[in-house]
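Please read the following note with the sequence and the model open beside you. The points are numbered so that each can be checked in turn.

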Amino acid sequence: MEDLLAARLQMAISLGFHIIFACIGMAMPFLMAIAEYKWIKTGEQVYQDLAKAWSKGVAIFFATGAVSGTVLSFELGLLWPTFMEHAGPIFGMPFSWEGTAFFVEAIALGLFLYGWDKLKPWVHWGTGLVVGISGVASGIFVVAANAWMNSPAGFDWVNGEAINIDPVAAMFNDAWASQAIHMTIAAFVATGFGVAGLHALLLLKDRNNLFHRKALKIALAIGAVAAILQPISGDYSAKDVAERQPAKLAALESHFETERGADLIIGGIPDEENREVHFAIRIPGMLSFLAHGDLNAEVIGLEEFPEDEWPPVLVTHIAFQIMVGAGFLMMFVGLLYLFFYWKKKHLLFRRWFLWLVGICTPLGFIAVEAGWTVTEVGRQPWIIYEIMKTEDALSSMPGLQYPLYLIIALYLLLTVIVSWLMYRQVITLSDRYQTANLKAETDAD
Amino acid sequence: MLIEIVIFFLGLSIVFYVLFGGADFGAGVLEILSGKGDRETIAHAIGPVWEANHVWLVLVVVILFMAFPKVYAAMSVHLHIPLLLMLVGIVLRGTAFTYMHYDAIKDETNDIYNAVFKISSVFTPLFLGVIAGAATLGKINPEPEHFVEGFITPWLNLFSFSVGLFTVTLFTFLAAIYLIGETSQEKQRSAFTKTARNLNIAAVFIGILVFASAHFEGLTLLSMFLDSWFAILMAALATLLLPAIWWSLQHYKVILSRIFAAGQVVAILLAWFWVQYPSIINRTDGFEDLTFYNTAAPDATLTQLVWALVIGSCIILPCLFYLMRVFKGGQFTQSKTNQ
Ligand code: HDD
Ligand code: HEM
Ligand code: HEM
């Protein structure tokens, strides 16, 4: 295998692995905080059981997230030393703040997991909240670093060297806000729907299980609100991309020719050779509207760029369709849930609705992976947009496929084990609530 | 001045990683040495703190690539293989430890996690030491003729592995000392005490091995050492602490023995640091060594880094103190948590 390809795959796999745990690390503490809050307020034991059961899962996920993140911070250099040599001093600032966030997060997590009996209830609840807040903060910081790669700022590039470095300007680059908002919401969508979906599937087996009912309500409430916000934030992201990375926008929309009143292309298979899209649905003028807020605005097509600077159109386009498709489906389910919650409580635990929620279990994570594919593959062939090519950043060590194989084997192993551990958590979890709790039948709250 | 502050924080992070993260690794090694009986004590001692302890390493990496990017790049390229092996160890160890603890069903899989935990507790610090040794040795050649010269020779040698072995020994020694205070069983305490003493002796001999292998590999470590009054001072301090540690062990002065042991390790680290200073990575003849000064990032970057570190410390240190107080205060009356 070619070294460049191996390195790109290794980076993609490591990041794709880490992001799952990162999303859970950002959102899950808030779900636990809600459950614990209800326990402290109402004294209902089921809420404490829920918070504790969730926290055991979180401990497993957090450890996996922490070690895979540690791998990443070395991998940036192991694979892309030339990039890091130049970029480190420019985009390092968010990472240095992220360090503090990690510390606070890890300390608070230690207190939360091991402190049920040692801390007063409200103090314990507070440590859980701190885990969540610092998790979100570290996510935002690291996304700022990634945004800088999409929208480099805070330096002048002269003869292959960066001068006049301004780390603050680099951190608050043009892409930062849109990416940070979109990523943070994504974490809540993915985790909310993931957790709600799992409990929905378990409810299908035992519909009156109080434990799973409470869990589903908390998780889906968070997921629903986030899923409704996400398309709005996605629209902001798209407008932003249209401004700063027109080639990426053109690739994700499979838009080859520059034109006014551009059609929005939904689905379909782009054909780079002939510059067409087959089997697509087209909505006239819609792309111009979505990208620039005006049905007649000009949208730049890929033809404006030399072909060797095109991102891979097929991958980017399909990934984008997957993200948006998943996004709208979850938004729909979210709206339905909120409607039922307010107006039609008796429909909340109907079989068909539980199935619908169950199907959504992996959708948020699929959307996250797809979204990152859009962002990262859509930036190609650049590692720093229009400054440094990915191939020029590569390590000089030959044989990079072997580290790739090692990482694949390691992460496959961890994936299997984590799934197995989760399975074991679930089968031991809700015995206590299995005997259909008669009160739950009418579901008072 | 700016750069000295950064160096101070880099050194501090390394010291903390060795003192806390290192002791975590050492605890795993101790389990191998002492058998199944200590598993509970060790799991109980590491549980709440390991995650925080290992963030020091992340901090070291971030400081390196932000402030001394050429050093980070050079290490990443030429020490790719030992770094990768160390990472595999970090992943296996951290996950195995947590999975062992949080597996909902306790059955024989627990023994597998435990085995992985123990093995990776040995080879992770071994490669950490190998990397440190390779940085000192000076066989890193930025323009290698072939693969072996560029990516193997720098670290696959007697000296680097002696440093690796030394690291494992020191970490295990630290763990033994810390654990004396974590248990209330008399038998276990005296076992840890004995192990700590033996490891202390072993460290002296392996230390001699480090110097001998340096000589063998053509590194004049001893004379570099003797040229520096500070290094001699630190070596003297480390030696003086030997009887002090023994005395405190004899009398079960838990806190005092910890302070002495930590002091000894810090003295060794400082001596190494001073012998190197201002170089971080020594390269083969004909290439300038990479020092703090010829690789430093511009002042604008260092300023931001210092802000982040100073403000970060003000946030982290009180939190860390609180964590330690909740879990490490009142060692002997410790009741079991229900997790
Ligand atoms: C639950 C996850 C999720 C969902 C439902 C959506 N997205 Fe998304 N999207 C992400 C998760 C995500 C992400 C993984 O978090 C990305 C990758 C980088 C980033 O900042 O967010 C992303 C990137 C991303 C980008 C590229 C940003 C860039 O490169 O800077 C655009 C244009 C959109 N999204 C647009 C949308 C639209 C119009 C959606 C409408 C439904 C949508 N996303 C739903
Ligand atoms: C966790 C979410 C992320 C995911 C899933 C992700 C995904 C990817 C993918 C798929 C690639 C390969 C692109 C290709 O080569 O075609 C890639 C490359 C890369 N990403 Fe990301 N990325 C994420 C976040 C980040 C962040 C936060 C950073 C840096 C701070 C980053 C830095 C890089 C680098 C250096 C490369 C290699 C160079 C390149 O291919 O452009 N990524 N990532
Ligand atoms: C968009 C992409 C990313 C997001 C949102 C993200 C977020 C997070 C979060 C929330 C955690 C906490 C651990 C957990 O909950 O499991 C974490 C851990 C970590 N991440 Fe990431 N991360 C991203 C990419 C990266 C990259 C590119 C790096 C390295 C350069 C990195 C380095 C780390 C490290 C070192 C940890 C461990 C911290 C600890 O020890 O507690 N992350 N990340």
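Why is the site of ligand 3 shared between chains? The site is shared because residues from chains A and B surround ligand 3.

1. Basis of the note. This is a predicted model, in which local features need pLDDT of at least 70 and side-chain atom pairs count only at pLDDT 80 or more, while totals for chains, interfaces and linings use all residues. Residues are numbered from 1 along each chain as its sequence is written, chains are lettered from A and ligands numbered from 1 in the order in which they are written, and side-chain values use heavy atoms, with hydrogens and water left out.

2. The shell around ligand 3. Ligand 3 is surrounded by 28 residues, of which A:His18, A:Gly25, A:Phe102, A:Trp372 and B:His54 are the closest (a residue is near a molecule if one of its heavy atoms lies within 4 Å of it). At least two residues of this shell come from each of α1 (3-42), α2 (45-79), α3 (81-114) and α4 (121-150) of chain A, and likewise from α3 (50-67) of chain B; here helices (H or I, at least four residues) and strands (E, at least two) are DSSP runs, numbered from the N terminus. The helix α2(A) gives the most, with nine residues.

3. The side chain of A:His18 has an N or O atom 3.0 Å from a nitrogen atom of ligand 3, and the side chain of B:His54 has one 3.3 Å from an oxygen atom of ligand 3. A polar contact is a pair of N or O atoms within 3.5 Å; within protein, one must be able to donate a hydrogen and the other to accept it, and residues adjacent in sequence count only if both atoms are side-chain atoms. By class, the shell around ligand 3 holds 17 nonpolar, ten polar and one charged residues (Ala, Val, Leu, Ile, Met, Phe, Trp, Tyr, Cys and Pro count as nonpolar, Asp, Glu, Lys and Arg as charged, and the others, Gly among them, as polar).

4. Ligand 2. Around ligand 2 there are 22 residues, and those that come nearest are A:Arg8, A:Leu15, A:Glu376, A:Arg379 and A:Gln380. An N or O atom in the side chain of A:Arg8 is 2.4 Å from an oxygen atom of ligand 2, while for the side chain of A:Arg379 the distance to an oxygen atom of ligand 2 is 2.9 Å. The largest share of this shell, six residues, comes from α1(A).

5. Ligand 1. The shell around ligand 1 has 24 residues, with A:His182, A:Arg244, A:Lys248, A:Met323 and A:Val368 the closest. A polar side-chain atom of A:His182 lies 2.9 Å from a nitrogen atom of ligand 1, and the side chain of A:Thr375 places an N or O atom 3.2 Å from an oxygen atom of ligand 1. Here α7(A) supplies the largest share, seven residues.

6. The nonpolar core. The largest nonpolar core has 242 residues, and A:Trp54, A:Trp80 and B:Phe68 are among those with the most contacts inside it. Such a core is a set of buried Ala, Val, Leu, Ile, Met, Phe, Trp, Tyr and Cys residues joined through side-chain atoms within 4.5 Å, where buried means under 20% relative accessible area, exposed over 50%, and partly exposed in between (1.4 Å probe, protein chains only). The largest share of this core, 20 residues, comes from α2(A).

7. The interface. In all, 67 residues of chain B are in contact with 64 residues of chain A (contact means heavy atoms within 4.5 Å). The area buried between the two chains is about 6,200 Å², with carbon and sulfur atoms giving 77% of it; buried area is the accessible area (1.4 Å probe) that two parts lose on being put together, summed over both.

8. Two single residues. B:Ser76, in helix α4 (residues 69-78) of chain B, counts as buried because its relative accessibility is 2%, and B:Ser76 touches A:Gly77, A:Leu78 and B:Leu83, not counting residues up to four places away in sequence. A:Ile133, in helix α4 of chain A, is exposed, with a relative accessible area of 51%.
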